[in-house]
Amino acid sequence: MIDRRNEAAQGLAALGASALVLFAAYYLAKADDYRAVWNPGTIINGVDYSGGDIAQVEKALGAYELAVTFRDGDPYVIPGEEIGYHYISDGTLEKIFEEQNPLLWARGLFQTAEYEVEVNTAYDEGLLEKVLRDAPQMKPENMVAPQDSFLDYQDGKFLVTKEVEGSTLDTDKAAALAREAASGQETKVDLSGAEGLYSAPKIRQDDEALNEEAAQLNDLAGARVSYILPDGSRKVLDGPMLREWLEVDEDGDYYRDDYEWAQHVNDFVLELADEVDTVYKEHPFITHDGEEVMIPGTGYYGYRISKKEETAQLTQELDDNEQLEREPVYWRKESAAPDDNNGFGDTYVEVSLTEQHLWIYVDGETVLETDIVSGTNDRKHRTPAGAYFAYDKKRDTILRGDKQDDGEWGYETHVNYWIRLTDTGIGLHDASWRYSFGGNIWQWGGSHGCINIPKQVMPEIYDIVEEGMPIAVYYLDG
């Protein structure tokens, strides 16, 4: 009888022996592999190098980059390989490797072997400086110079501005700090706050003298008057100009000299008036047939600043440090903006002395026209051309000429309707004694200077022409 149990035991024993042989072969083969690399569980300076070689460790220990932070821009990163940064072997790794027993490689699967080695490195200082100087922040053309705090004028006030630190640095000192960091194996160097590296402003926002100056100016020259001019533009009198009107004493403090201050105000008003006034200045005018003529600066029509009232009002506003926007104080204004028919607008009277004709426009439409007779064409009676406005309207009045040597009036003439143009007695009126108008009558038989209107037309003109309505009176060239 065959013993089956014995056969089974023998089979298992043979199988076990075979497995043991195979495992031993595998283990010895792996041990042979670990003769050239680190055993499992090998930790050097905190890094697991299992299966690596000495060259891998040396490369890792020599890996490096330096991030340089300037005042502006992102950190400038310098890779170690660009400056020849490398690990210097002192034989420690080789010694550790020689002491390693490859036959005990399996122990590393369950138990680590940790080592700490001293890391010695070297790099090329010349390369470091060369690479560092390629940084944009190290280029002189990219550097921003520091700027002192100063007085600025914004929104009607003198303000002490914040200084600008700038980015101008000493490149030699920057290179020295980078070398120091690299030599100490530091991976970052912050130059943004390094003492003595960057040029600095001399005057800062908290400067006592500058703040005192701002306070004085805001007290003495804190007004701002923005004048709205006829063409819609602005003429501004504010702090920077007022500052020039102040005096400075021996201590550097500002003060007003009352006489000089008043003189500056007067001069400014005169300058404003010269810029704005159009009374007594030539006026361009577009005639009924579209021709542009220049009306001489004879009449009273136009803009004229009341210098006395403007000076008084401005003086008070400056004393009160007011900040406002307004028109000048006018004695007279034009009926329309300068770009609206050269200030005459669409409601006005046109008188062509050459054509001896009158037109009246209301809202751009011709509502009346008539022939006229103006002053006789001689030196004494010729009607003066000019830009006028209607004023001193009267009905049923007596017109009188200059007094003679005997005390009598040169003439006395009754008219039903009178519209004055000048202080010298020139105006529009009916002429009941005339039966003909227009043509060349004015050349030899004109008036004493007034513009004679047919008696049947003058009442309508009187009703249409309101006081203040512009009246353009002109001669055509030739």
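Visitor: Which residue in the turn between E20 and E21 has a positive phi?

Guide: In this predicted model, strand E20 (residues 348-352) runs antiparallel to E21, and five bridges join them. The two strands form a hairpin with four residues between them. Within that turn, the residue with a positive phi, about 50°, is Gln356.

Visitor: Which residue of E21 stands opposite Val349?

Guide: Strand E21 covers residues 357-362, and E20, which holds residues 348-352, is its antiparallel partner. Across this pairing, Val349 stands opposite Ile360.

Visitor: How many of the six residues of E21 are buried?

Guide: Buried here means under 20% relative accessible area. By that criterion E21 is mostly covered, and the number of its buried residues is five.

Visitor: Why are the buried residues of H4 on the same side of the helix?

Guide: Helix H4 (residues 125-132) has Leu128, Val131 and Leu132 buried. They lie on the same side of H4 because they cover, around the axis, an arc of only 100°.

Visitor: Against which elements do the buried residues of H4 pack?

Guide: Leu128, Val131 and Leu132 are the residues in question. Their packing partners are strand E3 (65-69), strand E4 (76-79) and helix H5 (171-183).

How values were computed. Residues are numbered from 1 along each chain as its sequence is written. This is a predicted model: local features need pLDDT of at least 70, side-chain atom pairs count only at pLDDT 80 or more; totals for chains, interfaces and linings use all residues. Side-chain values use heavy atoms; hydrogens and water are left out. Buried means under 20% relative accessible area, exposed over 50%, partly exposed in between (1.4 Å probe, protein chains only). Two strands pair if DSSP finds at least two bridges between them. The arc is that of the directions from the helix axis to the C-beta atoms. Contact means heavy atoms within 4.5 Å.
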